Amino acid sequence: MARLRGPGGCPWDREQTFDSIKRHTLEETYEVFDAIERRAWPELKDELGDLLLQVLFYAQMAAEAGHFDIADVAAGLNAKLVRRHPHVFGDVKAADAGAVLRNWEQIKQTEKRAAGTETSGLDGIPRTMPAMLEAAKLGSRAAKVGFDWPDAEGLFAKLQEEIAELGVEVGRDAAVEQARVEEEMGDLLFTVVNLARHLRVDTESALRGANAKFRRRFGAMEASVGGFEALGRLTPEELERLWDVAKRETTSHVSREAR
């Protein structure tokens, strides 16, 4: 990487900045997720290499600016792993994974208070992460001080309340105020994420699963009539019937694969 960025190196690599590389990091992360979900292990090996390249890129640019280098990154990670695993490298007891996570979070908060980098318990949750993940993290962090629904039942009631409030905004006789609709939709989605947290469901994985299921069923609809454009010539009733057929066929296919 130093050679690629150095004199006589690659023109493209030499032009890159922290900001220009950011989007590639996100893309490579999603490609790692995709390879894992498809259990494509040879592809995962390659995708992990691409993700590691992002780390090397940032570290090299930081070294050029005199901030730190890749050795500092590795040393910092090593020290953090030791520091946050006192049940392995020290004499702290942790009976199960839950205790490990509680210790980790406590140590993390202590470190941030000592460094003066956090004024709120929510400051450590990046505002730039995907909104669904941010919502889950916010709810989980607030729950650590008892600000949470006691169980999922209360969240089911809250969900119905938010649906009703959204319906009120959408159903107004006057012109729909989009900002209010967006706000209520946000409240509804935030509640859904917190319900998933209580049910120990990863919202990202659940939604990706639903997306994959929709792709399978829609693809079956296309195959049954000869393609995407042919679907556009059908009535809503005909489309609904095709969807029902595709739903039954894809569900039975997945069940057979599971067996």
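The model is a predicted one.

Select Leu52, Leu53, Val55, Leu56, Phe68, Ile70 and Val73; together these residues make a nonpolar surface patch of about 520 Å². Colour by helix, and α4 turns out to give the most to the nonpolar patch, with 4 residues.

Stay on α4 and pick Leu53, which lies in that helix.

Next, select Asp13, found in helix α2 (residues 11-15). Asp13 has a relative accessible area of 10% and is therefore buried. Show its surroundings: leaving out residues up to four places away in sequence, Asp13 touches Leu4, Arg5 and Phe57. Then draw a distance from Asp13 to Met1; their C-alpha atoms are 8.6 Å apart, and the two residues are separated by 12 residues along the chain.

Now move to the largest nonpolar core and select Ala152, Leu155, Leu159, Leu166, Val181, Leu188 and Leu195, which are its 7 residues. Two helices, α9 (152-170) and α10 (178-198), each supply at least two residues of this core. Of the contributors, α9 gives the most, with 4 residues.

End on Leu166, a member of this core. Which residues is Leu166 in contact with, leaving aside its neighbours within four places in sequence? They are Val181, Glu184, Met185 and Leu188. Val181 and Leu188 also belong to the core.

How values were computed. Residues are numbered from 1 along each chain as its sequence is written. This is a predicted model: local features need pLDDT of at least 70, side-chain atom pairs count only at pLDDT 80 or more; totals for chains, interfaces and linings use all residues. Side-chain values use heavy atoms; hydrogens and water are left out. A nonpolar core is a set of buried Ala, Val, Leu, Ile, Met, Phe, Trp, Tyr and Cys residues joined through side-chain atoms within 4.5 Å. Buried means under 20% relative accessible area, exposed over 50%, partly exposed in between (1.4 Å probe, protein chains only). Contact means heavy atoms within 4.5 Å. Patches are made of residues with over 30% relative accessible area and no salt bridge: like charges are joined within 9 Å, nonpolar side chains (Val, Leu, Ile, Met, Phe, Trp, Tyr) within 5 Å. Accessible areas come from the Shrake-Rupley method with a 1.4 Å probe; for residues, only the protein chains shown count as cover. A salt bridge is a side-chain nitrogen of Lys or Arg within 4 Å of a carboxyl oxygen of Asp or Glu.
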